[in-house]
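These are my notebook entries on one protein structure. I record what I looked up and what I found.

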Amino acid sequence: MKRPLVILTVFYCLGIILAGWIRINFWIITAMASAVFTAATLWGRKNGVFLALVLFLALLIGCLNLRNSWVLSKCHIRKFVAYQDNSLYWMDGFIASQPEFKNNHLWFILRARQIQAEKLRYKCCGEVLVKMDFEQELNYGDNLTLMGNLGRPPGFGPSQGYRDFLARQGIYLIMPIQDYRQIIRQDKFSGVGLIRGCLWLCSYLEQVISRYLPALPASILSAMVLGQKRGIPWLVNNSMVKSGTVHILVVSGFNVGIVAFMVNLLLKILRFPRKARIILIAICLLIYCAITGATNPVIRATVMGLVFLAAHLLKREPDIYNSLVSAALFILVPNPRQLFDIGFQLSFISVLAIVYFYPKLKALARLEACRIKILKFIIEGCLVSFSAWMGTLVIIALNFRIISLVTVLANILIVPLATLITLCGFTLVLSGLIYPGLANLFSFPTAALITLLLNINAVLIKLPLAYIYF
Amino acid sequence: MFNFTPEERKVTLFLLGLALCGIVLSNLVKVNCRMAGVVYPQIQLARLNLNKVSLTELIKTKCVPVKLAERIIEYRNSHKEFGSLEELKEVKGIGDQRYEKLKELFFIE
């Protein structure tokens with residue numbers, strides 16, 4: 001077998017999907033897995049039988065992991081709260097996410113440590129989404145005592161999409177806070193110091209961007225460079241969904257590649273030895289992952305980058321499929337429910353589609369024979385966009401009820417522009433930190449490129465049959 | 001004198017090119033105020049003009065339910081035009097909460 005890790009991961013994922021569809025008792029699956037494990041140990045000498053048993057075991061482990069993720073620990077906060085309950089709860093904990101002001105509410109996740117209901121106090125664990133009706137300066141790691149009702153998050157629509165989305169993050173309860181008196185802030189600080197530092201750095205970099213650009217280009221650049229999408233106007237986001245170019249508004253492998261390239265270049269100039277360079281690049285990638293909020297696409301790109309760096313360190317040939325499944329396992333082992341997350345699916349399938357289809361399409365188009373460099377570059381861009389479009393078409397159509405026919409053309413025009421904007425964005429942020437005078441100069445071409453991108457996008461979605469809602 | 005690697009050459013060229021574009025654009029914006037519209041995105045790209053948007057456009061954006069879109073246009077036609085975004089609150093079906101969302105979507109010229 002050429003790539004055993006890939007096949008094992010595929011079967012592990014199949015197990016997760018199977019457990020999502022069919023309700024089988026946890027202990028029945030455990031018994032089956034134990035039997036298969038014993039059989040594999042006993043008949044391990046026969047290669048074919050061993051392989052079949054190991055793959056079946058991977059499938060059963062996928063099933064077990066998903067079933068296990070549904071079971072909450074006894075101290076989980078959800079166990080102390082009855083649904084449709086109007087009683088008041090006191091809750092102690094610390095802020096586990098960067099508070100975000102959205103739709104006139106301040107949202108954050110509180111990691112609960114203690115809950116009090118009717119004079120009875122219990123130690124607890126788990127996370128609660130907090131929705132505050134007023135603005136207050138709060139940060140990751142702040143210790144809070146909150147008082148209010150605890151209830152189920154709203155579902156939005158028959159599919160209960162939002163509730164399911166939160167459940168996949170391990171959040172089952174929401175606490176609305178309407179009054180200042182419902183919140184008591186304590187002096188102590190909890191949480192991981194490194195994450196606090198990264199989040200502070202992220203908000204500082206956002207300030208740097210908004211210092212040099214007006215609100216709209218700043219929001220787009222913050223999304224492209226720092227992964228902060230909250231400032232993007234609804235209309236802009238929607239028009240990019242229609243043209244199938246919304247992926248440029250998230251941090252992806254390209255950004256991770258730029259960070260690695262910049263750090264590598266800097267360390268090369270400073271004459272660092274090869275091994276030290278690789279280790280420092282890996283550390284910088286991890287910090288960048290934390291700064292951008294460690295979403296699924298960033299984790300995928302970071303893990304893939306780390307696998308590539310490890311391969312260089314060990315002087316081995318890096319394999320894209322192995323690095324991709326390593327990233328998938330990194331996300332799916334601690335939280336198998338992420339397999340049902342649309343962001344996870346789009347991120348992995350688009351990369352997989354590009355890796356699989358692109359070389360085949362390139363061979364089919366006989367690009368090697370093409371001698372005109374610009375034409376070759378354009379056709380390559382077309383093929384990459386077409387590969388990603390083919391891979392993600394079904395998922396997008398099923399989830400967003402939209403088929404974007406203009407997407408290939410839009411990606412050919414917009415992706416090179418977005419690449420240039422990302423490069424300009426990194427240059428702007430770095431120069432803003434080092435030498436503000438230069439950043440002011442760099443802000444003009446960056447803003448002009450963003451304006452061009454928005455105009456192209458606006459023109460493309462006005463084309464007849466650019467997109468179809470169904 | 002200089003011993004650049006190919007990567008360093010590309011980075012140097014990129015930075016110099018960016019600075020050159022920056023100087024030219026900065027000059028154009030100072031000299032001709034219309035150039036600001038080329039360099040910085042117009043508000044129309046991020047928001048809808050409440051006094052000009054058609055019913056079809058409003059429905060097509062899927063930002064408001066069809067009935068509410070009809071009521072907004074009806075209100076605009078009966079009052080000639082919206083004087084301020086606050087007037088949206090006078091349209092039946094728009095409370096404080098919806099208004100807070102809608103004001104991010106529209107602008108008035």
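**Entry 1: conventions.** I worked with a predicted model, in which local features need pLDDT of at least 70 and side-chain atom pairs count only at pLDDT 80 or more, while totals for chains, interfaces and linings use all residues. Residues are numbered from 1 along each chain as its sequence is written, chains are lettered from A and ligands numbered from 1 in the order in which they are written, and side-chain values use heavy atoms, with hydrogens and water left out.

**Entry 2: helix α4 of chain B.** I took helices (DSSP runs of H or I, at least four residues) and strands (runs of E, at least two) as numbered from the N terminus. Helix α4(B) covers residues 66-78, which makes 13 residues. I found a reach of 18 Å from its first C-alpha to its last, close to the 18 Å expected at 1.5 Å a residue; the expected span is 1.5 Å times one less than the number of residues.

I then asked which residues of α4(B) are buried. I used the relative accessible area: buried is under 20%, exposed is over 50%, and partly exposed is in between, with a 1.4 Å probe and protein chains only. The buried residues are Leu68(B), Ala69(B), Ile72(B), Ile73(B), Tyr75(B) and Arg76(B). Seen down the axis of α4(B), these buried residues fall within an arc of 155 degrees, so they line one face of the helix. The arc is taken from the directions from the helix axis to the C-beta atoms. On the face turned away from the buried side I noted the exposed residues Lys67(B), Glu74(B), Asn77(B) and Ser78(B). The cover over the buried residues of α4(B) includes α3 (55-61) and α5 (96-102) of chain B. Lys80(B), which follows α4(B), has a positive phi near 70 degrees.

**Entry 3: Tyr99(B).** I moved on to helix α5 of chain B, where Tyr99(B) has its place. Tyr99(B) counts as buried, at 6% relative accessibility. I listed its contacts (heavy atoms within 4.5 Å). Leaving aside neighbours within four places in sequence, Tyr99(B) is in contact with Leu85(B), Glu86(B), Leu88(B), Lys89(B) and Ile94(B).

**Entry 4: the second largest pocket.** Rolling a probe the size of a water molecule over the atoms shows where empty space is left. On a 1 Å grid over the protein atoms alone, a pocket is an open set of points with protein on both sides within 12 Å along at least five of seven lines, and a lining residue has an atom within 4 Å of a point. The second largest pocket has a volume of about 1200 Å³, a volume being the space filled by probe spheres set on the points. I found that 34 residues line this pocket, and that the closest to its centre are Ile258(A), Met262(A), Val263(A), Phe426(A) and Leu430(A).

Which helix gives the most to the lining? It is α14(A), with nine residues. Among the other helices that each supply at least two residues are α8 (253-269) of chain A and α1 (6-31) of chain B. By class, I noted 29 nonpolar, three polar and two charged residues in the lining. Here Ala, Val, Leu, Ile, Met, Phe, Trp, Tyr, Cys and Pro count as nonpolar, Asp, Glu, Lys and Arg as charged, and the others, Gly among them, as polar.

**Entry 5: helix α7 of chain A.** I found α7(A), residues 234-243, mostly covered, with seven of its 10 residues buried. Among them are Leu235(A), Val236(A) and Met240(A). Gly244(A) follows α7(A) and has a positive phi near 70 degrees.

**Entry 6: two arginines in loops.** Arg271(A) is in the loop between α8 and α9 of chain A, and its phi is positive, near 60 degrees, in a residue other than glycine. Arg271(A) is exposed, at 69% relative accessible area. Arg401(A) is in the loop between α13 (373-400) and β9 (402-404) of chain A. Its phi is also positive, about 55 degrees, although Arg401(A) is not a glycine. I recorded Arg401(A) as partly exposed, at 45% relative accessibility.

**Entry 7: Asp133(A).** Lastly, I looked up Asp133(A), in the loop between β5 (127-132) and β6 (142-148) of chain A. Asp133(A) and Pro176(A) are 43 residues apart in sequence and 7.7 Å apart in space, C-alpha to C-alpha.

Key. On a 1 Å grid over the protein atoms alone, a cavity is a set of points where a 1.4 Å probe fits but cannot get out, and a pocket is an open set with protein on both sides within 12 Å along at least five of seven lines; lining residues have an atom within 4 Å of a point.
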